[in-house]
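Here are a few exercises to work through with the model open in your viewer. Try each one before you read its solution.

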Amino acid sequence: MDALGIDSFEVNFYSGRALAGLKRHPEAIRRFETALERLPSFGPAYLALADSFIATRDLGKAIAVLRRGQAAS
């Protein structure tokens, strides 16, 4: 949620991308997961979430996210 209290897909997805770019992957993961709750069919969010899990060396979760994304597509 942003400072204005807006909790949309866009706010969460783009905040996640910014946090991932800053290498703040645990925070990015939370944002990407929230984004996917709002729009579960958006493939790039699954890829971004998987990338953040890879960056935190959690390959099992990365693979699980990619499988979820494949099923949602």
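**Exercise 1.** Which residues of H3 are buried, and which helices do they pack against?

*Solution.* Start with burial, meaning under 20% relative accessible area with a 1.4 Å probe, protein chains only. In H3 that picks out Ala45, Tyr46, Ala48, Leu49, Ala50, Ser52 and Phe53. Next, look for contacts, that is, heavy atoms within 4.5 Å. These buried residues pack against helix H1 (9-21), helix H2 (25-38) and helix H4 (59-72).

A word on ground rules: this is a predicted model, where local features need pLDDT of at least 70, side-chain atom pairs count only at pLDDT 80 or more, and totals for chains, interfaces and linings use all residues. Residues are numbered from 1 along each chain as its sequence is written, and side-chain values use heavy atoms, leaving out hydrogens and water.

**Exercise 2.** Check the span of helix H3 (residues 43-55).

*Solution.* Take 1.5 Å times one less than the number of residues. Just past H3, Arg57 has a positive phi of about 65 degrees.

**Exercise 3.** What does the protein chain look like as a whole, in secondary structure and radius of gyration?

*Solution.* Count DSSP runs first: helices are H or I with at least four residues, strands are E with at least two. You get four helices and zero strands. Then apply the globule rule to the C-alpha atoms, 2.2 Å times the number of residues to the power 0.38. With 73 residues, a compact globule would come out near 11 Å; the protein chain has 11 Å, so that agrees. Finally, 32% of the 73 residues count as buried.

Notes. Buried means under 20% relative accessible area, exposed over 50%, partly exposed in between (1.4 Å probe, protein chains only).
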